[in-house]
Amino acid sequence: MTVSRNKIAAVTFGILLLCMSSFYSVVADTSNEDELILVVGASGRTGSYVIKYLKQQDRNFIPMTSNKERAAKKISDKYNWVEADVKNPKSLDSIMVGVTAIISGLGTNIFEGPNSPEFIDYGGTKNLIDAAKRAGTVKQFIQMSSSGITQENNPLNKYGNVLVWKLKGEDYIRSSSITHTIIRAGGLTNDESGVNGARMQQGDTVPINGGLTSRGNLAAICIEALTNQNAKNKTLEVFDDETMQADAWRKDFAKLIPDLKK
Ligand SMILES: NC(=O)c1ccc[n+]([C@@H]2O[C@H](COP(=O)([O-])OP(=O)(O)OC[C@H]3O[C@@H](n4cnc5c(N)ncnc54)[C@H](OP(=O)(O)O)[C@@H]3O)[C@@H](O)[C@H]2O)c1
């Protein structure tokens, strides 16, 4: 049997078109040239997973630190670190140009003085939201937060009233005009995303030490919140759950109730 040259050319062209369309769908899923994601706390133990995954997805992002030299020493992969201090609004204005979304993994381990939770977890978050509003281009704010944050007498408040200040930061985000997702984690562990499944819930009912969350899953959930329409204007808790399928959580945003705007 002989096959004409025209037929071979047509089949080859078809295969080429198929390859191109699947190539473009992969690219379209993971990168959007118009987005510019500011990652606050990018040098942190969870922020470093966020920038690693964004880099793997070839996304457009700015890794922010308050000290470039320290960040570059801490994180072995090479990044174009951008320096700003959440306590200093002017420094935020200078890096906010063109930013379309913020993922914040901001936090402090200092419980007194100018770097305590009052000035970082609350004051810093407030400054970020205000700078985002001044910039005018920021459409979304994704916040890492803590499970147990609303529970009175939570023993973590012995450390600079950290949860009291974090909750004030959450409230400031929720009452702003910027679309938000607030993701409250349990005790953080250093597993990559997908090692365990993740359970999403609301109401902040899990007692302290009642659940763990891997930093990889938390980072992946923050990134998903950027594009998942069902994540918008919601506050949720997330815990690793080995009985659940890895990545099944992506559909679970749809089951959550949106926040009431204050
Ligand atoms: N640890 C837990 O078990 C736990 C549980 C639930 C929720 N969380 C929350 O989850 C988030 C991530 O936690 P993590 O343990 O990954 O945090 P982390 O390692 O302590 O990182 C915190 C980040 O905040 C940045 N930062 C601090 N002060 C700053 C300032 N003045 N200006 C700019 N950046 C500043 C630091 O960056 P530079 O030092 O480079 O500036 C650092 O990258 C935090 O919000 C934390 O409260 C933690």
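The legends below describe several close-up views of one predicted model.

Residues are numbered from 1 along each chain as its sequence is written. Because this is a predicted model, local features need pLDDT of at least 70 and side-chain atom pairs count only at pLDDT 80 or more, while totals for chains, interfaces and linings use all residues.

View 1. Eight strands form an open sheet with mixed pairing, in the order β3-β2-β1-β4-β5-β6-β10-β8. Helices (H or I, at least four residues) and strands (E, at least two) are DSSP runs, numbered from the N terminus, and two strands pair if DSSP finds at least two bridges between them. At the edges stand β3 (82–83) and β8, each with a single partner strand, so one side of each is left without a neighbour in the sheet. Helix α7 packs on the sheet and touches β1, β4, β5, β6, β8 and β10, and its direction makes about 155 degrees with that of β5. Helix α5 lies across β1 (37–40), β4 (101–104) and β5, running at about 175 degrees to β4. For these angles, axes are lines fitted to C-alpha atoms, for helices over the stretch in contact, and the angles run from 0 to 180 degrees between N-to-C directions.

**View 2. Strand β10 and its two partners.** Six of the eight residues of β10 (residues 234–241) are buried, so this strand is largely enclosed by the rest of the structure. A residue is buried if 20 or more other C-beta atoms lie within 10 Å of its own, exposed if 12 or fewer, and partly exposed in between, with C-beta atoms placed from the backbone. Strand β6 (residues 179–185) runs parallel to β10 and is joined to it by five bridges; R184 has E237 of β10 as its bridge partner, and A185 stands opposite V238 in β10. Strand β8 (residues 197–201) pairs with β10 in the antiparallel sense, also over five bridges, and here the bridge partner of G197 is D241.

**View 3. The nonpolar cores.** A nonpolar core is a set of buried Ala, Val, Leu, Ile, Met, Phe, Trp, Tyr and Cys residues joined through C-beta atoms within 7 Å. In the largest core, which has 50 residues, those with the most contacts inside it are V39, V50, I102 and C222. Helix α7 (residues 215–227) gives the largest share of this core, eight residues. Apart from this core lies another, of five residues, among them I149, V162, L163 and W165. Leaving aside its neighbours within four places in sequence, I102 is in contact with L38, V40, L128, A132, V138, F141 and I142, where contact means that the C-beta atoms of two residues, placed from the backbone, lie within 7 Å. In soluble globular proteins, nonpolar side chains tend to be buried together.

**View 4. Helix α6 and its buried face.** Helix α6 (residues 162–174) has 13 residues and reaches 18 Å from its first C-alpha to its last, close to the 18 Å expected at 1.5 Å a residue; the expected span is 1.5 Å times one less than the number of residues. Its buried residues are V162, L163, W165, K166, G169, E170 and I173. Seen down the axis of α6, these residues fall within an arc of 160 degrees, so they line one face of the helix; the arc is that of the directions from the helix axis to the C-beta atoms. They pack against α5 (118–135), β5 (140–146), β6 and β10. In the loop between β5 and α6 is N161, whose phi is near 50 degrees, a positive value in a residue other than glycine. With 19 C-beta neighbours inside 10 Å, N161 counts as partly exposed.

**View 5. Helix α2, D58 and strand β2.** The buried residues of α2 (47–56), which are G47, S48, Y49, V50, I51 and L54, pack against β1, β2, β4 and α7. Just after α2, D58 takes a positive phi of about 60 degrees, and D58 lies in the loop between α2 and β2 (61–65). Most residues other than glycine have a negative phi. D58 is exposed, with 9 other C-beta atoms within 10 Å. In β2, by contrast, both faces are covered, with F61, P63 and T65 buried on one side and I62 and M64 buried on the other. Strands β1 and β2 pair in the parallel sense over three bridges, and the bridge partner of V39 in β2 is P63.
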